[in-house]
Structures are given as structure tokens and as C-alpha cells.
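Open the model in your viewer and show it as a cartoon.

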Amino acid sequence: MAAVELTPADLAPFSAIESTKAQAMIDDTLARAARFAPCIEDAEFAYPAAAKAVLRAVVLRWNDAGSGALSSQTAGPFGQAIDTRRETGPKFWPSEISELQALCQTDDSTGGAFNVDTVSTYCGGHADICALNFGAEYCSCGAVLTAGLYPLYENVLP
């Protein structure tokens with residue numbers, strides 16, 4: 001069973017939506033939300049109430065959008081069309097997508113800031129720009145071919 005559950009009864013205090021329509025809107029919203037934040041379908045999801053609040057806001061905004069209309073006005077050779085129609089389906093704001101994705105992140109999530117130590121700890125004959133000086137496990141300056149006496153591929157003065 002999914003951790004995030006939204007029912008027509010959860011929408012009732014905010015808007016009077018017919019139960020069958022509300023359930024269809026909820027199903028569509030949950031399906032699209034799972035694309036952005038798959039963790040909301042896990043039984044071990046840690047923040048179901050917070051995700052429920054975001055999803056409820058999406059459903060209510062979708063319900064309030066209405067169907068809109070297309071109208072036009074003309075005055076001589078000039079014309080203007082006004083299109084207030086909305087696309088159907090739940091529309092997630094970027095902030096809502098970010099919030100759902102943030103709820104999925106755990107302390108052991110990969111990514112984030114990192115650093116590169118550029119201070120060389122090797123005092124041999126490798127060039128300053130050799131990969132070994134940047135933490136690699138291989139020599140890119142060719143000093144391994146000269147028994148560490150001097151870099152082969154770099155023009156470095158002693």
C-alpha cells in the first residue's frame with residue numbers, strides 16, 4: 001500500500017467536488033506526482049502528510065481552474081482573441097515538484113558539494129599538473145617512464 005493516501009473526503013473541507021470526479025482527479029495527480037518523486041509510492045516513505053498537503057493543493061487548484069473560454073473581439077481591421085482555456089490535468093508548479101523531490105531525499109543521498117585537493121603531497125619528479133598530484137592513481141606526465149627523475153611529457157624546470 002502506498003504511503004501517501006488522498007481521498008475525496010480530504011478535499012471536502014476545501015471544495016465541494018463530486019466524489020467520482022474527485023477520485024479521478026486524485027488518481028491522476030498521484031500518478032503524475034510519482035513521476036517526479038517515485039518515493040511517495042514506497043510504504044516506508046517518511047513524510048506522507050507533507051506530500052499529501054502538496055498533492056491536495058494541486059488537485060484543488062486544478063478543480064478551481066475551470067474550463068475557461070475562447071472569445072474574440074473585432075473593431076474594424078483590428079481583432080483580438082482572448083483564450084482563457086486551461087489544459088486539462090493536474091499542473092504542478094516547479095516549487096511543488098522541488099518540494100516533493102526534497103521529501104524523497106535522505107541523509108545518505110548522493111550529490112551535493114564536493115572539493116578537490118590541489119595541494120600536492122608528492123615530492124617526486126612529477127609535474128605540478130600530473131594526475132597523481134590531484135589524487136589519481138596513475139601518472140599523466142610520464143615520470144613513471146623515467147624512474148621518477150623528471151616528467152617526460154611536460155616542460156618543467158627543476
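This is a predicted model: local features need pLDDT of at least 70, side-chain atom pairs count only at pLDDT 80 or more; totals for chains, interfaces and linings use all residues.

Residues are numbered from 1 along each chain as its sequence is written, and side-chain values use heavy atoms, with hydrogens and water left out.

Now the rings. The whole structure holds two aromatic pairs. Ring centres of Phe, Tyr or Trp (its six-membered ring) must lie within 6.5 Å; planes under 30 degrees apart are stacked, over 60 edge-to-face, the rest tilted.

Select Phe36 and Phe92. Their centres are 5.4 Å apart and their planes at 70°, so the pair is edge-to-face. Phe36 lies in helix H2 (residues 19-36), while Phe92 is 56 residues away in the loop between strand S2 (78-83) and helix H4 (94-104). Phe92 is buried at 13% relative accessible area; Phe36, at 25%, is partly exposed. Buried means under 20%, exposed over 50%, partly exposed in between (1.4 Å probe, protein chains only).

Next, select Phe45 and Tyr47. This pair is edge-to-face too, with 6.4 Å between centres and 85° between planes. Phe45 is buried at 9%; Tyr47 is partly exposed at 44%.

Last, select Arg61 and Trp93. The charged end of Arg61 sits over the Trp93 ring, 3.9 Å from its centre. The test: NZ of Lys or CZ of Arg within 6 Å of the ring centre and within 35 degrees of the ring normal.

Technical notes:
Helices (H or I, at least four residues) and strands (E, at least two) are DSSP runs, numbered from the N terminus.
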